[in-house]
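Here are my notes on the model, as numbered points. Have the structure open while you read.

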Amino acid sequence: MALPANYATVPVFGRYIDFTGAPMQGTVTFTPSQRYVTNPGADVLIFSAPLVATLDGTGAFSIEIPSTDDPDVTPQGFTWAVAESFNRRAGRSFSIAVPQDTPEPGIDLVTVAPVLPADQVEYIVTSVDGMTGTVSLAGKYAPLDEDGKIPAENIPPISGGVTSVNGQSGIVSLGSADVGALPITGGTMQGPLNLAEEPTDPPQAATKAYVDTLSRRFDVMTYGATADEETDDSGAVQAAIDAASAAGGGVVLVPQGTYRIATPLVMKTRVTLQGVGKGVSILSAPANDLITFTAHAFWWNIRDLTLKVIGGGHVINGSYNLSAFGISHCSLQQLGADHSIWYQYSGQIVEAYLSFSDLYVDGVPRSVPAFDWSDPAGGFNANVIEKCVATVNGDDTQYFFRILGTNTLDDYSYNNCFRDVVFEVCSGGGIYATSQFGLVIDNCWMWDDPVGGIVAPPFFVGKEPSGLGSRCTVIRNSGRIGDHMAAGVKDLVLHGSCQQTTIDSFRCVPDNGKIDLGDSSYVQFVNKSPGTTLTGTAGYVAYAAEGNTHNGVAMDGRVTGDAHPRMLLKVDGSLQAGSGTTAPDVSLYRDGVGRWRTDDALDIGGHVNAYAGLAVNGVDISSAQPGDIGFKAWAFDPGAVLGGGSPVVSGTIYLTAVNIRKPTTVSNIWIAMANTQPVTAGQCWVGLYNSSGTKLVDVDTSASVNTLGVKTFPVSAQTLPPGLYWIANVINFSGAAPQVMAGNTTSNTRAIANGALSASQYRFCTNGTGTTLPSSITPASNSITGMLTLWAALS
């Protein structure tokens, strides 16, 4: 496709070589300053798109560029931004206009002077090649003539030159009133006010201090700070903090320099200390605490500063409860061996969104932890420490971060997170946390000490003596780099009955690391390194990360110290079991929906006591099953029924047990009669009782049990959970006894039919008499006196 025929284009060309005469390689890109133009004559909108010309083998290019003043398009007067790129490096960047009436052969970039935007012209041209008047070159290209000058015919008229100020013309001396400024003696003014970022003129400095107050920005220099590293600036910085606090909160600006702080600064609610960069704005205490508190403080922040204590004293002394605050883009340094970078006082709480971000934390070997939030009577809750580099310049025996949870039986420190933290030469360990709930250690790494070696576990999670073991801990993508570990030191220790711990992708190089699970419970590994050494008594399950299985294992269940899995689930669906001391020796495989198979003989010790039975290739082999001939449950295989029948005693309630192996719905009760005898109408019934003795359903059978044969009695549908049930049968008569189909009728057989079962579990028994079936029976009153091995079934 081409541009509309009525839109004029102009050839633009050029050639580039280097000082050796070799042609340059690269591109020249032309981008219009206008987002789009309209061309009513062609009825189109033309949108911005860069036009790219590639240099040929001689370093030359030529391209047609749409004009910037064609009367057939709107708007006119835009420019083309030119960007040169040679040998993968940027060349010049400038703008040109492309007039429609440019003479042939077109525009040669070699002879084009880049056009400055109008707001970058610093001087007004009053004469060009003898021409005078108001002249503007903005938006026009100006090819030079052979003398290197701009041809007069290419200079358009200037519009808008300043010829008069407040009615004065000629050489004018401007006063403060002429430019809208306050005189040095003071006064009032209206309208917009533009001040330098750091004015040196006293009136402007005073004005800026007032404006900063109105905008809640408080520059410590305004309050007398010197930042000369020698003068005590404590009073000036504190005055700025107090002013911000009195205004309801604000930003205390700390410009570049080193501020000596010989008296601790008291940080306050809703105040932000804002420097211009760590190592640039420095608050330095010689031998005292640097930041402290005199009341509960919240919503305070420290940013872009270096906080340093040279001698004795804490960088931050948490003497009160602190909440909802942040320290970011800072360097924290404490150079005294017996003080912490942060020490939290007894019984005080640090909670609710403490956020450490992008910190460099430095110090020396010390006798106390660098960050000591260790008083169990307080709390450390819902805090995030992330993107930190923690280092100690020399051998150390103390943990860098120590958090002791609340020392009670029903509370924890909760929801704390360490993320993206690197420990450099921290031989005393990185993180020590006890009685935590929901602790997360994510992407935290210990770089070992090549001189003294690491003398404490890099990561320790445990419990307080009278508190609870940490729960719901997640440790992922973390570990150790380097092999200088002191003898017997583990990389990760779970101590004191930790529960529900997830360890995901914990890695140590060059070895595979050592983890002590202690007496933890519910430990799960994800993507566990196969060579990691585990100690302790805890049981654990190892899961494979998605797409990163080891030997096809999805889950590996062991007790710490096991040489082999006790339970192994593989990604092919197989389940293997073993003793832990030898390789798994029982294997099951999924083989279709609801089916398992084994390639070897399966020896089941003891007895099978499962409601679902035992099946091979889908066939239940525990015995002949009711389902084989359409029943849901039966007393026994009807093939074992004796043909002679057993006579019943009038009015005796006979019970026959059936076992429901899985949830089942039944709607028929079955019995079988062995002769034909008259019975009493309305006094013959069958029904169903549960194991508690509650009658679920019954039905009058007097119209049917007076004849020979198998009898089916429909009942209302009953959904039965697995368990023991009794089918009850009572027949009343006045003549010869009806007979029911039953098993062996000898007295000896009847005596052993119930085995060693208790009365409430009898298979065959009686339970009282009646002309109907009662709404409930007492299973413990079941009796074998007069019982029959009566056959019955459900469907």
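1. Start with Tyr-36, which sits in strand 3 (residues 36–39). Helices (H or I, at least four residues) and strands (E, at least two) are DSSP runs, numbered from the N terminus. At 35% relative accessibility, Tyr-36 counts as partly exposed; the scale here is buried under 20% relative accessible area, exposed over 50%, and partly exposed in between (1.4 Å probe, protein chains only). Together with Leu-45 and Phe-47, Tyr-36 makes a nonpolar surface patch of about 310 Å². Patches are made of residues with over 30% relative accessible area and no salt bridge, with like charges joined within 9 Å and nonpolar side chains (Val, Leu, Ile, Met, Phe, Trp, Tyr) within 5 Å.

2. A word on the source. This is a predicted model, where local features need pLDDT of at least 70 and side-chain atom pairs count only at pLDDT 80 or more, while totals for chains, interfaces and linings use all residues. Residues are numbered from 1 along each chain as its sequence is written, and side-chain values use heavy atoms, with hydrogens and water left out.

3. Now the overall picture. The protein chain has three helices and 68 strands. Of its 795 residues, 43% count as buried. The accessible surface of the protein chain comes to about 38200 Å², and 53% of that belongs to carbon and sulfur atoms; accessible areas come from the Shrake-Rupley method with a 1.4 Å probe, and for residues only the protein chains shown count as cover. Take the contacts (heavy atoms within 4.5 Å) between residues at least 6 apart in sequence: 67% of them join residues at least 24 apart.

4. Have a look at the open sheet of three strands, in the order 6-1-9, with mixed pairing. Strand 6 (60–66) and strand 9 (107–108) are at the edges with a single partner strand each, so one side of each has no neighbour in the sheet. Two strands pair if DSSP finds at least two bridges between them. Strand 1 (residues 9–15) runs parallel to its partner strand 9, and that pairing has two bridges. Val-12 is opposite Ile-107 of strand 9.

5. How many salt bridges are there by this rule? The count comes to nine, a salt bridge being a side-chain nitrogen of Lys or Arg within 4 Å of a carboxyl oxygen of Asp or Glu. One of them joins Asp-442 and Arg-476, with the closest N and O atoms 3.3 Å apart. That pair links distant parts of the chain, with Asp-442 in strand 39 (residues 440–442) and Arg-476 in strand 42 (residues 471–476), 34 residues apart. Asp-442 is buried at 13% relative accessibility, whereas Arg-476 is partly exposed at 32%.

6. Next, check Asp-491 and Arg-480, a salt bridge whose closest N and O atoms are 2.3 Å apart. Asp-491 is in the loop between strand 43 (479–481) and strand 44 (492–494), and Arg-480 is in strand 43, 11 residues apart from it. Are these two buried or exposed? Asp-491 counts as buried at 0% relative accessibility, and Arg-480 also counts as buried at 0%.

7. Asp-698 and Lys-695 meet in a salt bridge too, at 2.8 Å from N to O. Asp-698 is partly exposed at 26% relative accessibility, and Lys-695 is partly exposed at 22%. Elsewhere, salt bridges that share partners join Arg-480, Asp-491, Asp-511 and Lys-514 into one network.

8. The loop between strand 48 (521–526) and strand 49 (533–535) holds Asn-527, and Thr-532 lies in that loop as well. Asn-527 is buried at 12% relative accessibility, and its side chain makes a polar contact with the side chain of Ser-505 at 3.3 Å. A polar contact is a pair of N or O atoms within 3.5 Å; within protein, one must be able to donate a hydrogen and the other to accept it, and residues adjacent in sequence count only if both atoms are side-chain atoms. Thr-532 is buried at 10%. A polar atom of the Thr-532 side chain lies 3.0 Å from the backbone oxygen of Asn-512.

9. Last, Trp-634 in strand 58 (residues 633–634). Trp-634 is buried, at 12% relative accessible area. Trp-634 and Asn-659 are 25 residues apart in sequence and 7.6 Å apart in space, C-alpha to C-alpha.
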